[in-house]
Amino acid sequence: MTLESARPDVPRLTHMYRAMLRIRAVENTLARIFADGEVPGFIHLSIGQEAVAVGVASAMAEGDTLATTHRGHGHVLARGLDLDGFFKEIMGRAGGICRGRGGSMHVADMTLGIIGANGIVGAGIPIALGSALALKTRATGGIAAALFGDGAMAEGVLHESLNLAALQRLPLLFVCENNGWSEFSRTERQFAAPLAKLATAFGIVHEAVDGNDVLAVAAAAEAAVAALRAGQGPRVLECRTHRTRGHFEGDAQKYRDAAELQAGIDGDAVLRTATALRNAAVEEEALTALHKEVETEVAAALQRARSDAWPRFEEAFADVYTLQEA
Ligand SMILES: Cc1ncc(C[n+]2csc(CCOP(=O)(O)OP(=O)(O)O)c2C)c(N)n1
Ligand SMILES: [Mg+2]
């Protein structure tokens, strides 16, 4: 199933398009307010990669868990994180989903099974592995998803986690968002083998998809999740995608050539989805209305975050374990 070949289920594709647009609008807003100095800390935007977030989320259900990376805004929003709690968290406000203590790279919401973003490359993978073990042990029928970038391919913790997941036949979906870059280095300079071979070494089924095609990602993720729920052991889903922005906001991207940047813009996941909807006879006015609706929702959430209180200084040590002097 691909965007260009399939006759899409229009309501479903419209729903996915809206979810992608919403992530895009949130991150465009973040780019702007970060440049204006309104965001404490660092942010890594996933603009260009929204189809992975929405495609994978569409295959997940209540009770499933997800661990993500430093570039995880799209993943948590696609899993249903509250937009107000999200904005307030990124802006360090008291009403943030983690009370403003985590910020962009530490967003979590246990009530939704979002077991954390993570600033350490590859570090979300063993957390998802533990979650998959818990889900299997408790026989809940749930699955865990570990989102990671191509940079994690070179991390030993991925190799160890593949091994344990295979040995224990865990319901763990390894999702690699392969955008071809790990900071300022190409994937080939980081890892000596393709991910497919690494997965095969552990006897794990690997599938690669066009990560800018939300229908292709969704179809592959659904098939993989069905296999996980049937107890067939872990799967690896590699989504080839494109990071439109720099590694972090403020990165001038001198290491990328203009042709590559242009190719990313031409194959943009959101634009391709809009084209598929137009080809399926969705009216231009309907698409414009969707854009407006999303922009209004995001602008309102930003305003509420701006007027939210800062955390109180006295609370800085709450929930922090300390050793008591004898
Ligand atoms: C263990 C570890 N090593 C290095 C870094 C510095 N670092 C932060 S992001 C990043 C690149 C990650 O690339 P990738 O996993 O492909 O994710 P992407 O940024 O492309 O989404 C690196 C090396 C880190 N955070 N953690
Ligand atoms: Mg990468």
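Helix axes are lines fitted to C-alpha atoms over the stretch in contact, and angles between them run from 0 to 180 degrees between N-to-C directions. The exercises below use a predicted model.

**Exercise 1. Describe how helix 2 packs on helix 8.**

Solution. 
- Step 1: locate the partners. Helix 2 spans residues 50–58, and helix 8 spans residues 214–229.
- Step 2: read the geometry. The angle is about 35°, and the axes lie 7 Å apart. The crossing is right-handed.
- Step 3: list the contact. Helix 2 brings Ala 51, Val 52, Val 54, Gly 55, Val 56 and Ser 58. Helix 8 answers with Val 214, Val 217, Ala 218, Ala 221 and Glu 222.
- Step 4: sort by class. The contact holds 8 nonpolar, 2 polar and 1 charged residues.

**Exercise 2. Which residues line the second largest pocket, and which helix gives the largest share?**

Solution. 
- Step 1: take the volume. This pocket holds about 240 Å³ of space.
- Step 2: name the lining. It consists of Arg 12, His 15, Met 16, Arg 18, Ala 19, Arg 22, Ile 23, Val 54, Ala 57, Ser 58, Leu 77 and Ala 78.
- Step 3: assign the elements. Helix 1 (10–35), helix 2 and helix 3 (73–78) each give at least two residues. Helix 1 has the largest share, with 7 residues.
- Step 4: sort by class. The lining has 7 nonpolar, 2 polar and 3 charged residues.
- Step 5: link back to Exercise 1. Val 54 and Ser 58 line this pocket, and both also belong to the contact with helix 8.

**Exercise 3. Characterise the largest pocket.**

Solution. 
- Step 1: take the volume, about 360 Å³.
- Step 2: find the centre. Of 27 lining residues, His 70, Val 121, Gly 149, Gly 151 and His 247 are closest to it.
- Step 3: assign the elements. Helix 5 (124–137), strand 2 (144–149) and strand 4 (181–182) each give two or more residues. Strand 2 has the largest share, 3 residues.
- Step 4: sort by class. The lining divides into 9 nonpolar, 14 polar and 4 charged residues.

**Exercise 4. Which residues coordinate the magnesium ion (ligand 2)?**

Solution. 
- Step 1: name the donors. They are Asp 150 (OD), Asn 179 (OD1) and Trp 181 (O), at 2.1 to 2.2 Å.
- Step 2: write the spacing along the chain, D-x28-N-x1-W.
- Step 3: Asp 150 sits in the loop between strand 2 and helix 6 (156–167), and Asn 179 in the loop between strand 3 (172–178) and strand 4, so the pair ties together parts 29 residues apart in sequence.

Conventions: Residues numbered from 1 in each chain as written. Chains lettered and ligands numbered in written order. Predicted model: local features only at pLDDT ≥ 70, side-chain atom pairs only at ≥ 80, totals over all residues. Heavy atoms only, no water. Helix = DSSP H or I, 4+ residues; strand = E, 2+ residues; numbered from the N terminus. Left-handed = near helix turned anticlockwise from the far one by under 90°. Contact = heavy atoms within 4.5 Å. Nonpolar A, V, L, I, M, F, W, Y, C, P; charged D, E, K, R; others polar. 1 Å grid on protein atoms, 1.4 Å probe; cavity = no way out; pocket = protein on both sides within 12 Å on 5 of 7 lines; lining within 4 Å. Points joined across faces, edges and corners; volume = space filled by probe spheres on them. Donors = N, O, S within 2.8 Å, 3.2 Å for Na, K, Ca; no water.
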